[in-house]
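Open the model in your viewer and keep the selection panel handy. We'll go stop by stop, with a note on what to select and what you'll find there.

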Amino acid sequence: MSASPEAPVIALEGLTVGFGGAPVLDGIDLELRPREIFGVVGETGAGKSVLARAILGQLPPGGRIEAGRILLEGRPIDALDAPQAARYRGGRVALIGTNAKALLDPVARVGDQIGRVLRAHGKPDGRTDRRSVRDRAVALMREVGINDPERRARAYPHELSGGMAQRIVIAMALAGEPEVLLADDATLGLDATVQAQVLERLVERSRERGLSVLLITHDLGIVRHYCDRLAVMRGGRLVEVSEVSRFMAHPADGYSRDLLAAARARPALQPPRKSDDRPPIVDVRDLTMHFQVPGSPQPIRAVDGISFSVAPGETLALVGESGSGKTTAGQCLLRLLDNTDGRIVFDGRDITDMKEAAFRPLRRHMQMVFQEPYVALNPRRRVRDLLAEPLALVEPMTGAERGRRVAELLAAVNLDAAVADIRPGELTAGEQKRVGIARALATKPRFVVFDEPTTALDIRVRAQIIDLIRGLQSSMNLAALFITHDLNSVRSLAHRVAVMHLGKILEQGETRAIFESPREDYTRKLLAAELPIDAETSEPASAGSAA
Amino acid sequence: MPIREFWRRQPRLLRILAVRLALIVPQMFGVTLVAFLLIRLLPGDPARLILGNFATDESIALYRQKLGLDKDVWTQFAIYLDNVLHGDLGTSPFTSKPIIEDLADRAPATLELILYAVIFTVGLGILIAVVSVVRRGSAFDWGARAYGFAAGAIPDFWVALLLVFFLYTVLGWAPAPFGRMDLMLAPPPRITGFLTIDALFAGDWEAFRSAAGRLILPVATITIVNAGAVTKMTHSVFSEIWDAPFVAHMRACGVPERQIIRAALRNSLPPIISVSSFILGFLLGAAVLVETIFSWGGLGQYAVQAVINSDYAALQGFVLVASAFILIVYSIADILYEIVDPRIRT
Amino acid sequence: MARRSSSLLRPGLLIGLALLAVQFVAIVFAPWIAPFSPIEANPLDSLQPPNLVHWLGTDELGMDIFSRIVFATRVNLLIGFAAVALSLAIGVPVGVLVGYYRGLGGALVMRFFDFIQSFPVFVLGMALVAVLGQEIWSVVIVLCMLFVPMFARIVRAEVLSLRERPFIAAARCSGANDFAIMFRHILPNAMTPVIVQVSVSIGMAILLTAGLSFIGAGVRLPSPEWGLMVSSGAQQMILGIWWVALFPGLAIVFSVLSFALLSDEAQRLADTARRKEGAR
Amino acid sequence: MSKLRMLALSSALLAGTLLPLLPAAAQSPSETLIVAGPRTPESLELEYPSTEAVQEARKNVYERLLAYEMKPNEDGVMVENFDKLTGALAKSWEVSPDRTSITFHLTDAKSHAGNTLSADDVMWTFERGWTLKGTFYWYMHQMLKIQDFSAFQKVDDHTVKVTLPGPSPLIERLWVNSDLGIIDATEAKKHLTDEDPWGTKWLSTNTASFSPYKVTTFTPGREIVYEANEAYYRGAPTLKKIIFREIPTSANRVAALQAGSIDVAEWLLPRELNLLEKAPGVKVWKVFGNYIHRVDLTNTIEPFTDKRVRQALNYLVPRDQIEKSVYYGTARPTKSPVSEIYPGFTDAFFKYSEDVEKAKALLAEAGYANGFKTELGYRTGDEIEEQIAIILKTSFARAGVDLQLSKLPSSTLVERYTSGKIPAYFLRDMAIVPDAAYVTNLWLNSQSLVDFSRYKNPAVDTLIDKNLTATDEAARLADMKKVQEMVVDDAPWVFLFNPGYQLATRANVSGTSWYTPNGNAWFDYKKN
């Protein structure tokens, strides 16, 4: 995979972009060569997205190119004449953005949306009659791997899955027959299995059509799998530009090394817990949760008869992709939802039909860490109040006691005591997670549901949170239900794993058993969709080495 | 559940219509009941009022009996409901005519006024909002926002007076501000009740000119005052959509600006439909002031007269018709809303 | 966009505050500012155009228009504030309850609100004033009939979306009961649009009061009230006597405008705060 | 943005075609008269309570049996000569010497429907009125004391006789009233139903009489159109069509008249009339008619139970000021309960000039040295009353009387004063029959239904009762002077004004006339 010697399609020379304050892009030099797939990696806030928009000449409001220039085949893009400029966006350089559903016009049929782009660029062959445009749109949809494209073309975006929507966006990008594709975190938020399929298809089409692709991502695994060259971005600068293979072997920059190490980290699997004869603290039998949806004859079977139990001190991981019903199951357990059927027994007491008032005293023993840290914290209240609230469940306390306890909690999750006086909006995502964890642990519960504690976090923060949870768990001897789709965190936290798919538990067992010899196809697919950094390298020793 | 199955199988439009229509019946019943009870609270004894000064207590009692005022409230309501179902809203002692006839006679005046007014209000409001969002930060944008503010602060009756003063009294440009048509002209034969349309049907160009001319000031009044609200609402909806990722994405795909505006407008349609229907319903009541100033002779003035006269039956009739009208408008808006927004499922 | 709107509306805010200050001065110092009694008829001086003695002229009873406008500030703002305060006190809790407990009762309350709100405003006003008598408090009650559903609706809409937010579930996990959830967790988060609406509503109240007075269902003569004053000059406008209706109308416009401008500022602050809260 | 441009273009086009042509108002043909008034008649039914608008309609669509001869007043308006009765539908009549019966000999009149007047029409009209127990019944029973329908007799096809149980001074004059118009029974009977044996429903919105006009379009609240009866027995009307439009705002009627889009404007404010008198192309006609505008004091509510309080208020009225500023000289102060144009009127006893000190003294005497608080009601939409109310508020305050002004819908006001629940309220009323005993009986006899002020003075009652049946005219006039003296001193009302009756027309309209019900008879009018 050597670099092509040809002249670059796109070249950035000292590109500096600012929004009035410090530059967001700071003197970027970059060359995108014909037919190469070029990865750009970096953590949140590194300026990756702004880079893509700048190339497209479509900076967010307030943004301005302060220095440097962007060249398309050697000519600055701001020197393009009007017809050329009109052709530039979508016709020569096309963007594939994040969160495809938001990129589609919600009230137009997807086929027509592709048609709009075709018409705008006079493709194919300048023919804009209804029929040929539609045929071409359907052909594009087939090309990006959509089954039954004739029917799907008449669908509205809300009727499509995330992966499907992403494919439509790719089709729209290909519609103008551009030479350059900018893929800005195009698969963020998609399930791992879908992500793999979409990326696969994208790269395949690009190679086929001989396109240059700028693949922006925060996932080194993706870069490792699909890119020829890569750049590492941090704080608006490129810290390293390199061939992928050379980078994997010898990252030159310290920051790059950190990133790579965090990504490589493959923690040791938790050993199975020693079984004792204590009864399980939580025992769930045939838990079922159906939602009635207006306009649909069938209820949504979010949770469809699952059974599991958690022993004292044990961690069970509930693994599955989005929509599999994991979160719903967790909420039923804590009686935030009224399950349709099945029994839930906590500490020997059947809590299934308990009235809220009767159940409230039990809440101090079972708590939950919510998925989205930000939305699970009341934005109007200070951290102090948020942490003090559950304390009322324990026993009446004086103000001073409460203050002391809050301070203890903050210390336990490694947060500064000053955090007590601010509101959640002023915290970083990682800090918010920690507050959420502290809040759940305030009453010293015996059982905690962790709902996706590591999603939407940068890789290094993720590792810290996992360490924290692991430490707390062992020090408090917590039983936990760990809901996640992040297999790495499962490896490091769970004693046992239950794999959920479409509301059902496909298989459950000890972590090692599931990871090493899965019985179900679905489980295998799930495991395979991880894009490990070192999957194809021959260094077997790396697993667990960074733990 | 076979019924539910059958239901699901019906086309979406049919389901939307059926649900809406089914809702209207209990709503109208509620409206009838509440209006009936509220109106009972009004002071003034209609019998005494109708019979006048020379009425003896005996004749008043007789009249009350005739009107059913001596029975208990629920019996009265039952009788009233029965009459309403037979299309009988009673007879107004102040026009000596069946109320339903009076209302039918006056409704076109009000409808003609407010329909034109809504068309202009919404049209102008959207136009201003779209241009000001597309040309963000321009002088037009600035002016449009200032207008959006100021318009909401101006009392409509005052605008009407100013228009009359400047355009009629001072400049003499506008036609006389009383009535729907020149008093000397014979109105065209009634087909729709809309003078402008009937005049066209009749080919009476002069009548059309007069009727259209008389509409200018009241329609301008309502438009000036209410277009600001439409502008403000459309502005906020449209500018949010204008900032939405999909608009940026269309632009990134090189779709021409005009198409983007059209798509964004299409996305803004649901709230615009709601607000238009709201304004239409609101105007039915709010146009009272404008009607009064321009001696329009519509439903609003009729209702005001009914209150002043303690004309229970007429007021009740008005409430029913007005509520039915508003319900129908809102229902149509809801139906349109659901049709234009494919995300709503019924 | 945020930057732009702030730079655009800063002067607006200043104007709004200035207008508001003028009104408060008028309220407090009316007897010292107004050169004439606002309620004494002086018929021999009737319908004088603006001149050095009567700065804004006199009405058909010879009452000094300037003095009446100044005194009317008290009446109009009193009605506006009272109506909005009362509506808040009723509408907000009702909205929270109806939004939080979605049951038949709530649905009925909402349908009743629908009815009230779809009822032609001025006819309702006239009918109510006829029942209650022509008093300031009757007007306040009419306005409440309109505003209570409005505030309740706004709060309810917020509550409906807030009650599904995870932090409510989290609060429940932390042992909060319904009351605490409604009034400690949901309500503070639901108040932003209400606060924005408050200022608009005061303006609306002033407009509606004026409209009610205009058709004769407002405060009673000779109380100085802007709408009543416009109404008394309305007839003569067509005959060229413009000053009687013009000036009180301007007073209405400026007063309502000041509250609209404040409300916009509140909206802007709320948007900024929301963006800040929303920023991760 | 092509659509937007289209919109702008089309609206500009529309405005372009409309605007230049707008102000040109069409001229009405010379045989059509366009009249604007504040209110269309509520009903055409004879038994409907007589509002001003109803009276005017009746004047045109019903023909009575007798009439007064007409004479011009100083302004050139034809008014009734109360001294000379003349025949109408009755071409002649005889009253028995003891004044207990009257015999009508009917003229040959044709109705709108082409039917000829006969005694049957008269008898059916009488029977109908008697049965419906409304206005007709009130006149016959209360005023003429008739107890039984047998009092009305058909003598032959052209003669009808009415016999009274006793003598009455009013035996002839009552028949002048339009309320007692004769219905074309042949036509009316075609529209009877079982539920409605007297055709009240049909006759509320339709006309059947021997009158100069019939109503062809009746849309109360908007317009009423009269068309001429070409076979009218006094000759075909010159104006073939009268279009009466409701324009509630008086200033709009003024503007319309000035613009020439109407020929006649009724019920204008004095200020507007004052303005119009100077305007070209417009003529203002004035009559000091029979209206009395007053503040009724409910004599049974404290403190108006005390005569001194009532007198004090009368001393507080700034009549000069009101006359100048509200009425612009079109009104005269009322100085007696009897209309100044009626026989027997005297102002000799009126003593209430504006005198604050006297008022204060009287109030102090009555125990209200510091004044008192009371309520004054007036009708929604009546600007004159509103203006006077505010002036009274200011002037009464000089003696510490605090008036709370209540603007009330007429229904509420009527209900409150008929039940005696409002201390003070405005009343503008007229008595149609030009007879002092009739007038005072109406308002001041404690037995009367319309003695709304609940005034009761046994001496007054006795004198009125006596003169309702006495037939010696000279003695009656002397008695009525005594009644006026007592009433003025008792001050049951705050005496205000006779506002007169005015009409503004285009200059080419002539033939204006005035009758006691204050409604215009379009038969008299011409347009050049």
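Domain bounds on this tour come from an automatic or database domain assignment. With that in mind, select chain B and colour domain 1 (1-86) and domain 2 (99-340) separately.

Before going further, some ground rules. This is a predicted model, where local features need pLDDT of at least 70 and side-chain atom pairs count only at pLDDT 80 or more, while totals for chains, interfaces and linings use all residues. Residues are numbered from 1 along each chain as its sequence is written, chains are lettered from A and ligands numbered from 1 in the order in which they are written, and side-chain values use heavy atoms, with hydrogens and water left out.

**Stop 1: all of chain B**

Show chain B as a cartoon. The C-alpha trace of chain B spans about 85 × 70 × 40 Å along its principal axes.

**Stop 2: between the two domains of chain B**

The centres of domain 1 and domain 2 of chain B, taken over C-alpha atoms, are 30 Å apart. Their contact (heavy atoms within 4.5 Å) takes 21 residues from domain 1 of chain B and 16 residues from domain 2 of chain B.

How much area is buried between domain 1 of chain B and domain 2 of chain B? About 1900 Å², with carbon and sulfur atoms giving 70% of it. Buried area is the accessible area (1.4 Å probe) that two parts lose on being put together, summed over both.

Now select α2 (12-40), α3 (46-51) and α5 (73-85) of chain B: each supplies at least two residues of the side of domain 1 that touches domain 2. Of these, α2(B) gives the most, with 14 residues. That side of domain 1 of chain B divides into 15 nonpolar, 3 polar and 3 charged residues.

**Stop 3: the annotated spans**

Highlight 21-42, 113-134, 146-171, 272-294 and 314-337 of chain B, which an unreviewed UniProt entry annotates as "transmembrane region". Such annotations may be inferred rather than shown by experiment; positions are in the numbering used here, and feature names are shortened. Zoom in on residues 146-171 of chain B, where the span is 88% helix and 0% strand, with end C-alpha atoms 27 Å apart. Then try residues 272-294 of chain B: 96% helix, 0% strand, and 29 Å between the end C-alpha atoms.

**Stop 4: where chain C meets chain A**

Bring up both chains. The contact takes 21 residues from chain C and 22 residues from chain A, and about 2300 Å² is buried between them, 51% of it on carbon and sulfur atoms. There are 7 residue pairs in polar contact here (both at pLDDT 80 or more). A polar contact is a pair of N or O atoms within 3.5 Å; within protein, one must be able to donate a hydrogen and the other to accept it, and residues adjacent in sequence count only if both atoms are side-chain atoms.

On chain C, pick α6 (166-173), α7 (178-214) and α9 (243-278), the elements that give two or more residues to the side touching chain A. The largest share, 7 residues, comes from α6(C).

**Stop 5: a salt bridge in chain A**

Last, show the side chains of Arg229(A) and Glu36(A), which meet in a salt bridge (2.9 Å, N to O). Arg229(A) sits in strand β9 (residues 229-234) and Glu36(A) in the loop between β2 (23-32) and β3 (37-41) of chain A, 193 residues apart.

Key:
Helices (H or I, at least four residues) and strands (E, at least two) are DSSP runs, numbered from the N terminus. Ala, Val, Leu, Ile, Met, Phe, Trp, Tyr, Cys and Pro count as nonpolar, Asp, Glu, Lys and Arg as charged, and the others, Gly among them, as polar. A salt bridge is a side-chain nitrogen of Lys or Arg within 4 Å of a carboxyl oxygen of Asp or Glu.
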